[in-house]
Amino acid sequence: MTSQTPSDCLFCKIVAGEIPSDRVAESDRSIAFRDINPAAPIHVLVVPRRHEPTVGALAAASGDDLADVFRLAARVAEEEGVADAHRMIVNTGSDAGQTIFHAHVHLLAGATFTERGMV
Ligand code: 5GP
Ligand code: ZN
């Protein structure tokens, strides 16, 4: 599995505030900010402050951090008014579209999701 150290990790820099982001929510364990290249009218990334390369590695390292990412994603969905109509997506591995190897969940909403290709 490809890995990046926190010192060269884009999302670690966003967590630290070294790179600006449009932050919409945060907790003591996670932050949520808008995707720079949105794939839907609402597209928020929720990332743990802790660096782990994948959601699976995060689950193994800290169930509390894993739970918090999804808790914060659900809170953002509520605040954006899409609690009943959104997708949460996790890409794992470059062949599945993961480009940033710091665990994150995509919260997508505001479009009609009718594609049934993957699930
Ligand atoms: P992945 O492809 O790894 O699942 O998701 C990475 C996401 O990060 C992509 O949707 C991409 O648009 C987003 N992204 C990449 N660089 C930046 C950045 O500098 N700022 C923000 N807000 N999003 C970024
Ligand atoms: Zn990181």
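Colleague: Is arginine 29 buried, partly exposed or exposed?

Modeller: Buried means under 20% relative accessible area, exposed over 50%, and partly exposed in between (1.4 Å probe, protein chains only). Arginine 29 has 30% relative accessibility, so it counts as partly exposed. Do keep in mind that this is a predicted model: local features need pLDDT of at least 70, side-chain atom pairs count only at pLDDT 80 or more, and totals for chains, interfaces and linings use all residues. Residues are numbered from 1 along each chain as its sequence is written, and side-chain values use heavy atoms, with hydrogens and water left out.

Colleague: Which side chains meet arginine 29 in a salt bridge?

Modeller: A salt bridge is a side-chain nitrogen of Lys or Arg within 4 Å of a carboxyl oxygen of Asp or Glu. Arginine 29 pairs with aspartate 64 at 3.8 Å, N to O, and with aspartate 65 at 3.1 Å, N to O. Aspartate 65 is in helix α3 and arginine 29 in the loop between β1 and β2, 36 residues apart, so that pair links distant parts of the chain. Helices (H or I, at least four residues) and strands (E, at least two) are DSSP runs, numbered from the N terminus.

Colleague: Are those two aspartates buried or exposed?

Modeller: Aspartate 64 is exposed, at 51%, whereas aspartate 65 is buried, at 7%.

Colleague: How many salt bridges are there in the whole structure?

Modeller: A search finds nine. One of them joins arginine 75 and glutamate 79 (3.4 Å, N to O). These residues are four apart in helix α3, so about one helical turn separates them.

Notes
Chains lettered and ligands numbered in written order.
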